[in-house]
Amino acid sequence: MFFQYQTAKGGFPVSPDDNNNLPKVAVGLHVVSAGDIHVIMHNNDEMTWHNVQPGPFGISVRKVFQTGTTATVEAMTHE
């Protein structure tokens, strides 16, 4: 199976929000402080990861929910 990876070329701080999507789809997240992350993935699946540790987290997301997110994250973009 072939996977295509995109290098992050930009980024922005994330303010988790239950109502609004991120201004751009993130190609990854950088976890600043450990915790749970509740998101809408690029393909619109809703997912929650628990006890995610600091560092790069390779998921493509449209939304980071306030409810269910305890980690501090920043978005990585390919633009």
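Modeller: Radius of gyration here is taken over C-alpha atoms, and the globule rule is 2.2 Å times the number of residues to the power 0.38. This is a predicted model, where local features need pLDDT of at least 70 and side-chain atom pairs count only at pLDDT 80 or more, while totals for chains, interfaces and linings use all residues. Residues are numbered from 1 along each chain as its sequence is written, and side-chain values use heavy atoms, with hydrogens and water left out.

Colleague: OK, how do you know whether the radius of gyration agrees with a compact globule?

Modeller: For 79 residues the rule gives a value near 12 Å, and the protein has 12 Å, so the two agree. Along the principal axes, the C-alpha atoms fill a box of roughly 35 × 25 × 25 Å.

Colleague: Which strands form the open sheet, and in what order?

Modeller: Three of them, in the order 4-3-6, with antiparallel pairing. Strands pair if DSSP finds at least two bridges between them. Strand 3 (residues 35–41) and strand 6 are joined by three bridges, so they pass that cut-off. In that pairing, Met 41 stands opposite Val 61 of strand 6.

Colleague: What makes strand 4 and strand 6 edge strands?

Modeller: Strand 4 (46–52) and strand 6 (61–64) each pair on one side only.

Colleague: And how many residues does the largest nonpolar core have?

Modeller: It has 17, and Ile 37 and Val 61 make the most contacts inside it. To be in such a core, an Ala, Val, Leu, Ile, Met, Phe, Trp, Tyr or Cys must be buried and joined through side-chain atoms within 4.5 Å. Strand 2 (28–33), strand 3, strand 6 and strand 7 (72–77) each supply at least two core residues, and strand 3 gives the most, with three.

Colleague: What does "buried" take, and how much of the protein counts?

Modeller: Under 20% relative accessible area is buried, over 50% exposed, and in between partly exposed (1.4 Å probe, protein chains only). By that cut-off, 33% of the 79 residues are buried.

Colleague: Which residues is Val 61 in contact with, leaving aside its neighbours within four places in sequence?

Modeller: Contact means heavy atoms within 4.5 Å. On that basis Val 61 touches Leu 22, Val 25, Ala 26, Leu 29, Val 39, Ile 40, Met 41 and His 42. Across the protein, among contacts between residues at least 6 apart in sequence, 65% join residues at least 24 apart.

Conventions: Helices (H or I, at least four residues) and strands (E, at least two) are DSSP runs, numbered from the N terminus.
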